[in-house]
Amino acid sequence: MSQTVIRRDVAETDTMLDVEMRKVFKVYNGETAVRNIDLDIRQGEFFSILGPSGCGKTTTLRMIAGFEEPTGGEVLIRGQSMANVPPYKRPVNTVFQSYALFGHMSVWDNVAFGLRLKDCPKSELQQRVGEALQLVKMDSFARRFPAQLSGGQQQRVALARALVNRPTVVLLDEPLGALDLKLRKEMQLELTSLHRDLGVTFVMVTHDQEEALSLSDRIAVMNIGKIEQIGTPSEIYEQPCTAFIADFIGDTNLMQAELQTSQGETVEAITPSGLRLWVKPQASLQADPAREVRVSIRPEKIRIGEATAASQSVDQANCYEGTLKHAMYLGTHTHYQVELPSGDMITVFQTNRSSEQLQPGMPVQIYWSASDSLALPV
Amino acid sequence: MTTISPNLAEPPVPSWQRPFKKLLQPTILLAPAGLWLLLLLVFPTLLILELSLIPGARLGNPPGPYGLGNYIELFKPVYLQVIWRSLYFALGTTIVCLLLGFPVAYWIALKAPSRWRNLLLVGFILPLWTSSLLRAYAWITILRSSGLLNSMLGFFGLPGQDWLNRAPAVFIGMSYSYLPYMVLILYASLEKLDRRLLEAAADLGATPQQSFWRVTVPQTLPGIAAGGLLVLIATLGEFAVPELLGGASSMTVSRLIYNQFLGATRNWGLGSSISMILILGVSISIALLLKYGDRDAI
């Protein structure tokens, strides 16, 4: 009883939680796949679990679905413990990576499968299946069989089959992984509009950072079985907690450095190559001197210009001269590689506002503010 | 750097050679087996067909006038009963093999630890290493009135069973002989069942039993058809087991044919017509097998 009281207190934040994971562990044959996961997924949000392959994200999803029992800890759905609750009794439905449609049934029967098991009255069943197929624009394919459908169409049927049951949570396991790029973009848009219209909680597993950033309300980034950070897409991108996230999400310049003296918000750091940088330590980082850190500078935060006498007086904490080594023209923007006198290579992205181009071999000047170079724990 | 591009096209074949070339290769490759089949299958079958159309044909008789007399004679209750009994034994054995074989194949394919699977399958095939005649004799020693079965039943105070030389012995013997084939075919079919479909069914609210009936069985239906038809085909013409275990009251079609050709009656015409009926039944089963059976499992 005392436990439930505590949980009430936690839920005081006014948002209902659909999925909670409490210190969840999963060990397979002596190998830990998931370690000590704590997770709150709010009602109605689009939540993504992002990470490289083998990070334990699919195992986490399968523990919510009930296909795997946690070795330790507990999973709750709408405040109810899911310990020893088999998948067929959980109020969740999954869209599988490979769709897992029943090949011996028509599209209609696939979508009706869940409702028939619940002895749904015939008229209601017909209405709900029809609506679900309409929702995913597959109503004209009801009599077809899965083998007669393209990948994108199978994906829609898999979505309808999950949504028709009106689950508390829809689990999506790499839902767009098998589709080609154009179809993927199209389905991304449809997923967001479905989520917005239905207001159901979506939990998606993906290794595609762009997909996670563009679709999710919040993202949990996982690495080797642990959650490294949970936050909104912009928090994850702008304020990564670890060097792994800074490196995994988007592009970045990562450098080893040692913290020196601080000056208000910013701290001076020195790299092994002797480069002195003004950095902003990440919130949880103790800014004690002589501490080893990793510095992350996003390439698009760095400005680049020709090193002329007039441009010397840039009012930025970090301002360096170097030589332009490579320039890769990409239409809307250009990627530059700049070599500093210290030997460090810095990548810079710049949108092509004017048609004038910097040429490789030119002396250039690069600069960025101290708050754009994040010092992260090693 | 302008070099003459090499002509990669094949040299043209004179038009009169083309059909010849197209036909020559298959002819050469298929000729040995084709001749073999022609000589030992097609020709004898045609011979039987001719004999079946000569009423009362027997050894030494001159080929008499053709007619359907032999086929009409088959409708006599004596013969119909034998045909019906053969069908009954074959269908019964198929059903027994299915009912016994499916749980075994299911367990080996889906539940048993994977490193034991091959060993378990070998264990099931092991009886096939001995002659089927030997296995039938073994069943005689088990089923006879003073045999192993009855002494065990007696030990537990149960009444003895007089199964030998009656239908139960035929079912036991035939099911024992064909169960391994059934298990192998069902295993091959169940083994490639997509487990994710079972997860999807569970996810949509199906209990394990519901998943079994709504997903596993329909998904393995081609395997069930293949196993069932294969056992049916083999048991329709079975000779040794009913002969040894069934006794006089269990005459089957194959025994009837034997009697007409080599037994006392020596009515080759009638024997041929029964043979044609058996060939027809087996052909229909094979056609069904090819249409509905799981090709990969066979």
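1. A word on labels before anything else: helices (H or I, at least four residues) and strands (E, at least two) are DSSP runs, numbered from the N terminus.

2. Some ground rules. This is a predicted model, in which local features need pLDDT of at least 70 and side-chain atom pairs count only at pLDDT 80 or more, while totals for chains, interfaces and linings use all residues. Residues are numbered from 1 along each chain as its sequence is written, and chains are lettered from A and ligands numbered from 1 in the order in which they are written.

3. Back to helix α3 of chain A, residues 107–117. Eight of its eleven residues are buried, so the helix is largely enclosed by the rest of the structure; a residue is buried if 20 or more other C-beta atoms lie within 10 Å of its own, exposed if 12 or fewer, and partly exposed in between, with C-beta atoms placed from the backbone. Among the buried ones are Trp108(A), Asn110(A) and Phe113(A). The cover over them includes α4 (122–135) and α5 (151–163) of chain A.

4. Chain A also has an open sheet of four strands, ordered β2-β1-β4-β5, with antiparallel pairing. Strands count as paired if DSSP finds at least two bridges between them. β2 (31–42) and β5 (80–81) of chain A sit at the edges with a single partner strand each, so one side of each has no neighbour in the sheet.

5. Zoom in on one pair: strand β1 (residues 17–28) of chain A is joined to β2(A) by eight bridges, and the two run antiparallel. For instance, Met21(A) has Leu39(A) in β2(A) as its bridge partner.

6. How do the chains meet? 14 residues of chain B are in contact with 17 residues of chain A, where contact means that the C-beta atoms of two residues, placed from the backbone, lie within 7 Å. On the chain B side, α8 (195–203) and α9 (208–219) are the elements giving two or more residues, and α8(B) has the largest share, six residues. By class, that side has seven nonpolar, four polar and three charged residues. Here Ala, Val, Leu, Ile, Met, Phe, Trp, Tyr, Cys and Pro count as nonpolar, Asp, Glu, Lys and Arg as charged, and the others, Gly among them, as polar.

7. Finally, chain B is assigned domain 1 (16–52) and domain 2 (69–292); such bounds come from an automatic or database domain assignment. Their C-alpha centres lie 34 Å apart. Five residues of domain 1 of chain B are in contact with eight of domain 2 of chain B, and the domain 1 side has three nonpolar, two polar and no charged residues.
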